[in-house]
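Please look through the structure below from one end of the chain to the other.

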Amino acid sequence: MIDEPFSLDDFKLGLKPFHGEVKGVLTRGRLVSGIGNAYADEILYEARPYPFKITAHELVSLHRAVYSVPAKALRVLRERVGDKIHRKVRDFLKVHGKKNDACPRYGNTITAITANRRETNYCRHCQPGSLLDK
Ligand SMILES: [Zn+2]
């Protein structure tokens, strides 16, 4: 599902040439392949940056989440669907597809923003920010 892990330094270097929203970088597969829209939301939720912008120190948690979130999901999927891996089981995801549901961390409402015809789900409380900042 995910390529060989990048070291944090390689990850930072790899992200440098990209401008624009973090989610697009994740889903375009230019840096790490195999991350779709749903898992990008989950990774960003785990790492807690505002989904459309990221600070230097958030790169550390993002780097960790890029590998830990899909690995955890894979374990859940193996347990739940065994070899029927083509089945899309997504009910264990925390934010993706959970618009208006309660955030698993503190119970705030999950938000949905549609950009480039894709829906991004995130928690405004855990992932605060605005495109208008700075
Ligand atoms: Zn939250």
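Which residues of the largest nonpolar core touch the most other members? This core has 22 residues, and Ile43, Leu44 and Cys123 are the ones with the most contacts to other members. Two or more residues each come from helix H2 (22-28), helix H3 (37-47), helix H4 (58-81) and strand E2 (118-123). H3 contributes the most, six residues. The model is a predicted one. In soluble globular proteins, nonpolar side chains tend to be buried together.

Read from the N terminus, the order of the elements is α-α-α-α-β-β. The protein has 134 residues, of which 26% count as buried. Among contacts with a separation of 6 or more, 50% join residues 24 or more positions apart.

The buried residues are Tyr39, Ala40, Asp41, Glu42, Ile43, Leu44, Tyr45 and Ala47. Two of the names given for the core, Ile43 and Leu44, are in this list. The partners against which the buried residues of H3 pack are H2, H4 and E2.

After H3 comes Arg48, with a positive phi near 65 degrees. Arg48 is not a glycine, and its place is in the loop between H3 and H4. Is Arg48 buried, exposed or partly exposed? Arg48 counts as partly exposed because 18 other C-beta atoms lie within 10 Å, whereas a buried residue needs 20 or more.

Leaving out residues up to four places away in sequence, Cys123 touches Tyr45, Val95, Cys103, Asn108, Ile110 and Thr111. One of these, Tyr45, is among the buried residues of H3. Ile110 belongs to strand E1 (residues 110-115), which pairs with E2 in the antiparallel sense over six bridges. Within this pairing, Ile113 has Thr120 in E2 as its bridge partner. The hairpin of E1 and E2 has two residues between the strands, and Asn116 there takes a positive phi near 50 degrees.

Asn100 also has a positive phi, near 70 degrees, in a residue other than glycine. Asn100 is found in the loop between H4 and E1. Asn100 is exposed because its count of other C-beta atoms within 10 Å is 9, and 12 or fewer is the limit for that class.

The remaining part of the picture is helix H1. Two packed helices are described by the angle between their axes and the distance between the axes. The axes of H1 and H4 come within 10 Å and cross at roughly 110 degrees, and the two helices are therefore roughly perpendicular to each other. H1 makes the contact with Leu8, Phe11, Lys12 and Leu15, and H4 makes it with Leu59, Val60 and His63. By type, these residues are five nonpolar, one polar and one charged.

Leu15 lies in H1, which covers residues 8-15. Besides Leu59, Leu15 touches Val25 and Leu31, not counting residues up to four places away in sequence. Leu15 and Leu26 are eleven residues apart in sequence, with 9.7 Å between their C-alpha atoms. Leu15 counts as partly exposed because it has 19 C-beta neighbours inside 10 Å.

Conventions: Residues are numbered from 1 along each chain as its sequence is written. This is a predicted model: local features need pLDDT of at least 70, side-chain atom pairs count only at pLDDT 80 or more; totals for chains, interfaces and linings use all residues. A nonpolar core is a set of buried Ala, Val, Leu, Ile, Met, Phe, Trp, Tyr and Cys residues joined through C-beta atoms within 7 Å. Helices (H or I, at least four residues) and strands (E, at least two) are DSSP runs, numbered from the N terminus. Two residues are in contact if their C-beta atoms, placed from the backbone, lie within 7 Å. Axes are lines fitted to C-alpha atoms, for helices over the stretch in contact, and angles run from 0 to 180 degrees between N-to-C directions. Angles under 35 degrees count as roughly parallel, over 145 as roughly antiparallel, 65 to 115 as roughly perpendicular and the rest as oblique. Ala, Val, Leu, Ile, Met, Phe, Trp, Tyr, Cys and Pro count as nonpolar, Asp, Glu, Lys and Arg as charged, and the others, Gly among them, as polar. Two strands pair if DSSP finds at least two bridges between them.
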